[in-house]
Amino acid sequence: MSKDHLICDFTGGAVGHRLKFGGGRGQALPKAAGFTKGRTPTVIDATAGFGRDAFLLASLGAEVTLIERSADVHGMLREGLERASCAGGQVADIVSRMTLLFGDAKELLPELSADVIVVDPMHPPRKTKALVKKEMRVLRQFVGADPDAEDLVKVALEVAKKRVVLKWPAKGDPLPNIKKPSHQLMGKSTRYDVFMLG
Ligand SMILES: C[S@@+](CC[C@H](N)C(=O)[O-])C[C@H]1O[C@@H](n2cnc3c(N)ncnc32)[C@H](O)[C@@H]1O
């Protein structure tokens, strides 16, 4: 598969649709991250990928630092952010709150600070035959699996000021050697394990 398949588009399609009709702070991720009517936390997205989750949180007013360790994915994301910035209007305003870093979050996180750290590693292969969304299948071709997800969550738990949110398959086994989450938000195929700190 060529790099042409890796496309990051913040200006239309599914991202634009979610921006218009997505449900704002009532969506599972902002809820899990502690967004309320009067509270907008600072966020680090330690596993940036296509930047969709980070874009959603930035669209709600948060300053979001994104970390991506795959050079291919980081390049795609950088170009997507540049295009969005040039597009002007609301999308440019949103991406102005997004700062992209290149590197392994396990190493970069201890130098950073945020209220909330979101961790969304590549999910383990499904036990059912249900197909994973096309974009995640594309991403898997480039980055493979994330076997160090457990270590990343451990670092995130050391660094976050208020909470860590782990995005994981709804029926996925918990990561080994990680304490039980404070609570969970369940979606159809995804769940959010929330670890409250402090
Ligand atoms: C499932 S995708 C994230 C999708 C993202 N939440 C979105 O909304 O598009 C996981 C991404 O995290 C990256 N990643 C995994 N572990 C990482 C780490 N320790 N440091 C930096 N990036 C990491 C992978 O390279 C991959 O691009």
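Helices (H or I, at least four residues) and strands (E, at least two) are DSSP runs, numbered from the N terminus. The model on screen is predicted: local features need pLDDT of at least 70, side-chain atom pairs count only at pLDDT 80 or more, and totals for chains, interfaces and linings use all residues. Residue numbers start from 1 along each chain, as its sequence is written.

**Stop 1: the annotated positions.** Select Arg52, Asp53, Glu68, Arg69 and Asp120, where an unreviewed UniProt entry places the feature "binding site". UniProt positions are in the numbering used here, feature names are shortened, and annotations may be inferred rather than shown by experiment.

**Stop 2: Asp53.** Aspartate 53 lies in helix α3, residues 52–59. Is aspartate 53 buried or exposed? It is buried, because it has 22 C-beta neighbours inside 10 Å. The cut-offs are 20 or more other C-beta atoms within 10 Å for buried, 12 or fewer for exposed, and partly exposed in between, with C-beta atoms placed from the backbone. Now show Leu29, Asp45, Val118 and Asp120, which aspartate 53 touches when residues up to four places away in sequence are not counted. Contact here means that the C-beta atoms of two residues, placed from the backbone, lie within 7 Å.

**Stop 3: Glu68.** Move to strand β2 (residues 64–68), which holds glutamate 68. Glutamate 68 has 27 other C-beta atoms within 10 Å and is therefore buried. Leaving out residues up to four places away in sequence, its contacts are Ala48, Val73, His74, Leu77 and Phe102.

**Stop 4: the ligand shell.** Select the ligand and the 22 residues that surround it; the closest are Thr47, Gly49, Phe50, Arg52 and Ala105. Elements giving two or more residues to this shell are α3, β2, α6 (105–108) and α7 (134–143). A residue is near a molecule if its C-beta atom, placed from the backbone, lies within 6 Å of it. Coloured by type, the shell shows ten nonpolar, four polar and eight charged residues. Ala, Val, Leu, Ile, Met, Phe, Trp, Tyr, Cys and Pro count as nonpolar, Asp, Glu, Lys and Arg as charged, and the others, Gly among them, as polar.

**Stop 5: Arg83.** Arginine 83 is in helix α4, residues 71–87. With 16 other C-beta atoms within 10 Å, arginine 83 is partly exposed. Phenylalanine 10 is 73 residues from arginine 83 in sequence, and their C-alpha atoms are 8.3 Å apart.

**Stop 6: the core.** The largest nonpolar core has 53 residues, and Ala46, Ile117 and Ala156 have the most contacts inside it. Helix α8 (residues 149–159) gives the largest share of this core, six residues. Such a core is a set of buried Ala, Val, Leu, Ile, Met, Phe, Trp, Tyr and Cys residues joined through C-beta atoms within 7 Å. Finish on alanine 156, which touches Ala46, Leu109, Ile117, Val119 and Val164, residues up to four places away in sequence not counted.
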